[in-house]
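Hi everyone, thanks for coming.

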Amino acid sequence: MSTSRALRQSFALRAGSTGFLVIWCLIAAFPIVWIAVMSFKSPVDAFASNPIDVLLGPETRAQGKGLTLIDILLGLTLLWASIKMAMNWLPGKVEAFTPKDWLLIGWLVGAGAFALAFLVVFFGILPRVTGGLNALLGLEPIIGVSSEHYIAVWVENAFYRNFLNSLLVTTGVVTVSLTVGTLAGYGLARSGSNIAFWILIIALIFRALPHSVLVAGYLPVFINSAEILRPILGENAPTLYGQPLAVIAVLVSINQPFTIWMLRSFFQNIPAELDEAARVDGCTHFQAFRWVIMPVMWPGVITTGLFSFLLAYNDFLVTSLLLDAQNQTMVPAIAGYFNRETTTTDQVEAVAAAVSITAPLFLLVMIFQRQIVSGLTAGAVKG
Amino acid sequence: MKFKTFAAFVGPSIFLMLVFIAAPLISVFMQSFYLTQPVLQAVEVETCTPGFLTQTCTTEIKNQPILDEAGKVVTRTEFVGLQSYRNVLEPEAAWAAISSGRIGQLLTIDFWKALRFTLTFTLITLPLVIGLGLALALAVNNAAKAIRGQVIFITLLPFIITPVIGALSIRWLFIGDGILTAGLEWWLARDISMFAQGWTIELLMLFYRVWHVAPFAFVVFYAGLQTVNQDTLESAIIDGASRWERLRYVIIPHLMPLIIFISLIHLMDSYRVFEEIVGFSAQAHRISLQWLTYDLLTPDDSGNRSISRASASAMLTMIGIVILLIPLLRRTWADHKGAGH
């Protein structure tokens, strides 16, 4: 869009809108950045009332845990380089190496491999290199930083188990929800019948239901499901309460209304002539869907998949009520930390757990930012 | 598309929604009229305490649950009609409070307290979210192309963060003598404790929700702004429309469908406000309708879940959202009839 003279703005307006954006960015990022900073400090520093103490961490430094100038410089360079790589280099590689139909899986594998490589380099190789350099140059730490809380959370409190449960639930929800949702979304987009309209309206009402209403319906059935299902399934009837698979089914269904609405509007944007042409050539509806629509539907599917991911990953209510302690996912597990917040160490461990939960989301936005914005532009907005 | 093909495409999704949304709704509806309780029997129990010369023995009649052969508590389910609803709504106490004009009294009953908070929460955050989202979209659209990407990235952070964690992160800034509380105390020169009274917590919860949802409104509005017709804008300028008039008469009407879309989503989402209560540990001061049901569903100290009261509260919550949605559904229905497809 070219700015014509008439559309040009006064200086005051420009300054005002820039100032507003700066203030907003501070407010938006501050709580998240701050808990990330807190999680690396000893409890005294983390809850100090002077912000400079929290940033520099004198107590933590006094304990001999800290970063030298070289650590900081090398760390920041590596971080910046990986962000640049994730933004510019990774998407091209993923698209070059995966066949068209497997783009989603290619993305998942690519992002996973990148994250793993980053973790190995950043936490495995970098500390050794900087450790050697520091010893060589005899540098003293200038900022107090300690990873003790992360070790306490992940190793001692076995947070990795919750992480694996989260991984299982989110992967399950995203896969099933997209498979079922794309089919339904396509069907709804290509059918102008009254039934399709009513299905969408009922889905809209379902979308509005508070989740606790539904959970109130599942709980008694899930707890007693072994007895209820025994006449049908015999002795092997499972107790659904505490089963991650049952939670996946529940979250997929709760998410279905939103998924089909969103995918429907994406499919409406794909010209119907495309599949009509395929039908004229003798394809059935399913063949047309498989060979003509599937190759062009990925932008919409990725955006919808992101929302499914967020729902499954961020859910507290359903998972905390329907899963027992052994199968707990990460978000409800954190409630265990702040319920026993007795000492400040516990509190900082809770902060570290919170940051651990946020980190994957942070990466996700970094990689998929363009998809979120352009996906919403193309799909939901016009629907 | 033939009906059979349509059914094959839509079938799995419909099946899931029927089994996991429609069926639980019906079962919640039924449950709310029934009450399952352990069957009690009166047992005469003699307890003796050792005493000097003779033991002191007392006999009392205790109610004990009957156990079956497997050692499980025998339960009985009976039809109680509207009793569970009465337990949740407490109509006598509520009516007494209303007729004597003491609203404060009414708000000591859990359900009415939750309803009050949920409704004010929904209605206060709605205009704030729309306003902030629109302002952000206009400002980002105004900003230089080079910085837009970074600004959008930062803006999306509050939106994707796990709600409980987002609430916690704000709570940690204020808890005890957290840096923001310390900052406020220094600024106002008085002692402040953000979590000691209801209204400050409520303020933090409102702030959190706007912080969390405004980015979503922003992304949608920003996407909408990209499709504003530049020719219409230019002709408005030629007609002498000021910047404000262009916003009011060209841009906002163009964004109207999106504003309705965001309002609808926000209405649904903030009506089920829940994570804030958990994150800010606000249950002592402020509770929401969804939290009320959640609380009734969590096992109490003796391990019982009050399913029937939870069902009644869930049904009442549902009636609330249906009432809020009726105007909108009528509109959609009118559109559908008007469009005639």
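So, how far apart do the C-alpha centres of domain 1 of chain A and domain 2 of chain A lie? They're 31 Å apart. For orientation, domain 1 of chain A runs over 57-146, and domain 2 over 157-383. And please keep in mind that this is a predicted model.

Now, where these two domains meet: 8 residues of domain 1 of chain A are in contact with 8 residues of domain 2 of chain A. On the domain 1 side, the elements giving two or more residues are α5 (69-97) and α6 (103-137) of chain A.

Let's move on to helix α9 of chain A, residues 194-208. With 15 residues at 1.5 Å a residue, this helix should span 21 Å, and its end C-alpha atoms are 22 Å apart, so the two agree. Which residues of α9(A) are buried? Those are A:Ala196, A:Ile199, A:Ala203, A:Arg207 and A:Ala208. As a reminder, an α-helix has 3.6 residues a turn, so residues three or four places apart point the same way.

Last bit: confidence. Chain B has an average pLDDT of 80, and 94% of its residues score at least 70. Within chain B, the lowest confidence is in helix α4 (residues 103-106), with a mean of 71, while helix α5 (residues 110-142) has the highest, at 88. For the complex, the predictor gives an ipTM of 0.80 and a pTM of 0.82.

Terms used: Residues numbered from 1 in each chain as written. Chains lettered and ligands numbered in written order. Predicted model: local features only at pLDDT ≥ 70, side-chain atom pairs only at ≥ 80, totals over all residues. Helix = DSSP H or I, 4+ residues; strand = E, 2+ residues; numbered from the N terminus. Expected span 1.5 Å × (residues − 1). Buried ≥ 20, exposed ≤ 12 C-beta atoms within 10 Å, placed from the backbone. Domains from an automatic or database assignment. Contact = placed C-beta atoms within 7 Å. pLDDT = per-residue confidence, 0-100.
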